[in-house]
Amino acid sequence: MPPSSSSATRATIADVAARAGVSKSTVSRFLNRRDELLTPDIASRVESAVKALGYSPSPMAQALSRGHSRLIGLVVADVTNPFSVAVLRGAEKACKEAGYLLMLSNLGDGGVRERDAIEALASYQVAGLILNTMGRDEAAVSAAARSGRPVVLVDRRHPGMQADFVSLDNAGAVQMAAAHLLESGWRDLLYVTEPVAGVSSRRERAAAFRALANGRAGMKAHVFESTPDKPDALVAALTEHKGRGRRLAVLASNSVTTLRVAHAVAALGWEFGRDLGFAGIDETEWAPLVGPGLTTVAQPTDALGRLATACLLERMDGLDVPPRQILLNGQLVARRSSMRTAS
């Protein structure tokens, strides 16, 4: 009778070998489905011992013996970012459907430990890597190459890393949000972003905003880089631009800056849609609950996670083509923050 789940110790391969009266290598051959190397009698004895002891082989031990596992590694810059969490969910579902487990490594938005994360995941014999990182650690490129695993990049490019890239169409998302604000009657747009240096998605969105401003007559456009340690600076920037007497609206680069803008607006006692127009990239669960509801451009996060996993699985199966770039469209979710009301 198999031992109960409350047993103090877990049966080992040595226990199985002792009970069956064979060597550990014989048990290993049986567990790795190499029954043709065993006589029917020995195979039967090992099978009986496995069932009697309730023995379950360690997936990691099996992976080490084979040189690969049913694990896929995912490295994210910051797991507290709603975007990263949403992409993670999509990737996790796709991995599960394909018979893989997802192993997560979080950098905490530091961006300088990418190499360590890649090497740690490689030591667990992951079959492939999905990276949603800052792209600032130059050593990550060589670490990924040394691992010998296929890599797919999500949202953020990595200089020098030749890999499939899956992302939102950043320029299209910015143009969609800005056009909506202009059509709603706002004329002075303030683009609020996290520091753009070294992060490809931030650079692309800021560049798209500046390009749009240069091509629109009568539109006033400004870019403000927000940092978490200086909330008063954002309050001052909003006050300064609002004081120019024009119809000021903010376009936030992502959910992180959206939340910072919401805090600043609350501190100023303003109301979205009346004192300040607003649209932001990234749909969140709380966007409909802030003020009159915040207008957003929703990213296809589930599709990004699934597509990144699909690309990785193809590479793991031996697909050998030049690196692919796949850009998906965002979707405008219009709410009252972008609809100008009377002061």
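## Overall make-up

The structure is a predicted model. Its protein chain holds twelve helices and twelve strands. Of the 343 residues in the chain, 48% are buried. Contacts between residues at least 6 apart in sequence were also examined, and 71% of them join residues at least 24 apart.

## Nonpolar cores

In soluble globular proteins, nonpolar side chains tend to be buried together. In this model, the largest nonpolar core consists of 22 residues. Val174, Leu181, Leu189, Phe209, Met219, Leu251 and Ile281 have the most contacts inside this core. At least two core residues come from each of helix 8 (170-183), strand 6 (188-193), helix 9 (200-214), strand 8 (248-252) and strand 9 (277-281). Helix 8 gives the most, with six residues.

Leaving aside residues up to four places away in sequence, Ile281 touches Leu168, Ala173, Val174, Arg205, Ala252, Ser253, Asn254, Ser255, Val297 and Gln299.

Helix 7 spans residues 139-147, and its buried residues are Ala139, Ala140, Ala143, Ala144 and Ser147. Viewed down the helix axis, these buried residues fall within an arc of 135°, so they line one face of helix 7. An α-helix has 3.6 residues a turn, so residues three or four places apart point the same way.

The face of helix 7 turned away from the buried side carries Ala145 and Arg146, which are exposed. The cover over the buried residues of helix 7 includes helix 6 (114-123), strand 3 (128-132) and strand 4 (151-154). Just after helix 7 comes Gly148, with a positive phi of about 75°.

## Phe224 in strand 7

Phe224 belongs to strand 7, which covers residues 220-225. Its relative accessibility is 18%, and because buried means under 20%, Phe224 counts as buried.

With residues up to four places away in sequence left out, Phe224 touches Leu190, Tyr191, Val192, Thr193, Ala233, Leu234 and Ala237. Pro195 lies 29 residues from Phe224 along the chain, and the C-alpha atoms of these two residues are separated by 8.8 Å.

## The cavity

A search of the whole structure finds one cavity of 30 Å³ or more. The largest cavity contains about 170 Å³ of space. It is lined by 19 residues, and those closest to its centre are Asp155, Arg156, Ser201, Arg205 and Asn254.

Helix 5 (82-97), strand 6 and helix 9 are the elements that give two or more residues to the lining of the largest cavity. Helix 9 gives the most to this lining, with three residues. By class, the lining of the cavity has three nonpolar, eight polar and eight charged residues.

## The largest pocket

The largest pocket holds about 260 Å³ of space. Its lining has 14 residues, of which Pro82, Ala86, Glu283, Thr284 and Glu285 lie nearest the centre. Helix 5 supplies the largest share of this lining, with five residues. Sorted by class, the lining of the pocket has six nonpolar, four polar and four charged residues.

Gln125 has a positive phi of about 60° although it is not a glycine. Gln125 lies in the loop between helix 6 and strand 3. At 16% relative accessibility, Gln125 counts as buried.

Asp282 is also a residue other than glycine with a positive phi, here near 100°. This residue lies in the loop between strand 9 and strand 10 (295-298). With a relative accessibility of 8%, Asp282 counts as buried.

Note on methods:
Residues are numbered from 1 along each chain as its sequence is written. This is a predicted model: local features need pLDDT of at least 70, side-chain atom pairs count only at pLDDT 80 or more; totals for chains, interfaces and linings use all residues. Side-chain values use heavy atoms; hydrogens and water are left out. A nonpolar core is a set of buried Ala, Val, Leu, Ile, Met, Phe, Trp, Tyr and Cys residues joined through side-chain atoms within 4.5 Å. Buried means under 20% relative accessible area, exposed over 50%, partly exposed in between (1.4 Å probe, protein chains only). Helices (H or I, at least four residues) and strands (E, at least two) are DSSP runs, numbered from the N terminus. Contact means heavy atoms within 4.5 Å. The arc is that of the directions from the helix axis to the C-beta atoms. On a 1 Å grid over the protein atoms alone, a cavity is a set of points where a 1.4 Å probe fits but cannot get out, and a pocket is an open set with protein on both sides within 12 Å along at least five of seven lines; lining residues have an atom within 4 Å of a point. Grid points are joined across faces, edges and corners, and a volume is the space filled by probe spheres set on the points. Ala, Val, Leu, Ile, Met, Phe, Trp, Tyr, Cys and Pro count as nonpolar, Asp, Glu, Lys and Arg as charged, and the others, Gly among them, as polar.
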